[in-house]
Amino acid sequence: MPSQRRGVSPVTYRDRVEATGLGVRCEGVVHLYRTFGGHDVVALRGVDLVIAPGERVAFLGPSGSGKSTLLTLLGGIQKPSAGRIFLGDAEISRMGERQLSRIRSRQVSTMLQGATRNLLPYATARQNIAFARLSLTAEEKREALVDRELLRRVGLEEQVDQVVSTMSGGQRQRLALACAVATAPRLLLADEPTSQLGHEDRDHVLHLIHSLGDDFGTTIVVVTHQPEVAETFPRSVKMLGGRVGAEGREGSEYAVVGEDGVLHLPGHVAADWPAGTLVRFEDDGDGRLVLTRATHERVTQEGAQP
Ligand SMILES: Nc1ncnc2c1ncn2[C@@H]1O[C@H](COP(=O)(O)OP(=O)(O)OP(=O)(O)O)[C@@H](O)[C@H]1O
């Protein structure tokens, strides 16, 4: 496992909770944003993706490729314009708001990009955690990890009664994560949870995220721009232009065939082969497919052949 992780004793809260994560399935997910100017922005162009229960996945990809949009759709915060999304057996893309809000408060925690969007600014750290746990039953609250211990795990033991608005950016980020895990969710979605943190804070946060997976089998999806963070995840999904363009599994990178056979070229090839480049697929006879760039002359010649 990753070098950033440290050994921990297992968490003892919510023993009775189903110690399994929630699986995720996306089928042809498309998402459009309507803008005031009347232009639609196509953020997702057909995402097909399966995440197994208990898997830990990092979403990577250039800015604007659709990572945050996909994360909010998985968290039931927005509904896709088209396509279907399942969490376990439940299709959240067709659910009413009441059902969705139940799922959001008890099964899925989403930590949005920018810590303050996830916190009550004039409340203390402890009050924010209590707020995150409002939907739990009295028994679940009794079984939950005590606030002080949860805050200790993100290095905020001194800030238990500190008001959020007086905290540093890094402290807020760690508190936002503590709130997201306070309900022991079956699916944790975190958008750039370590983006503003120094090395030590980043390790605290990663440790907490992974310990949730170790102890409960929670399914975890993290959006990150940081390769050193993505490396701590056994699987990475690289978004490119609103689709899943590539995947990394156990250190190997794979292109992913999308709807209608669409395939993204690896970045270094795409840089030299602009849109419109003609390519030819040839079977080399040994079960390998050879991809050759056609030169203009050759295509013209071949085009002239009968
Ligand atoms: N609320 C919105 N209204 C209009 N367009 C939006 C909105 N949110 C995102 N977009 C657009 O949708 C596309 C995908 O954005 P998204 O934030 O999902 O990408 P991202 O990969 O998470 O980017 P970043 O890494 O910069 O956070 C972009 O073109 C973005 O400008």
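Okay, let's start at helix 3: among the things covering its buried residues are helix 5 (147–153) and helix 6 (169–181). Helices here are DSSP runs of H or I with at least four residues, strands are runs of E with at least two, and both are numbered from the N terminus. Buried means 20 or more other C-beta atoms within 10 Å of the residue's own, exposed means 12 or fewer, partly exposed is in between, and C-beta atoms are placed from the backbone.

Quick note: this is a predicted model, where local features need pLDDT of at least 70, side-chain atom pairs count only at pLDDT 80 or more, and totals for chains, interfaces and linings use all residues. Residues are numbered from 1 along each chain as its sequence is written.

So which residues of helix 3 are buried? In helix 3, residues 125–132, they're A125, N128, I129 and A132. They sit on the same side of helix 3 because they cover an arc of only 100° around the axis, taking directions from the helix axis to the C-beta atoms.

Now the ligand. Its shell has 13 residues, and the closest are Y33, A43, S63, S68 and T69; a residue is near if its C-beta atom lies within 6 Å. Helix 1 gives the most, three residues, and strand 2 (40–51) supplies at least two.

Let's zoom in on T69, which is in helix 1, residues 67–74. T69 counts as buried because it has 23 C-beta neighbours inside 10 Å. Setting aside neighbours within four places in sequence, T69 is in contact with H31, A43 and L44, contact meaning C-beta atoms within 7 Å.

Definitions and conventions:
Contact = placed C-beta atoms within 7 Å.
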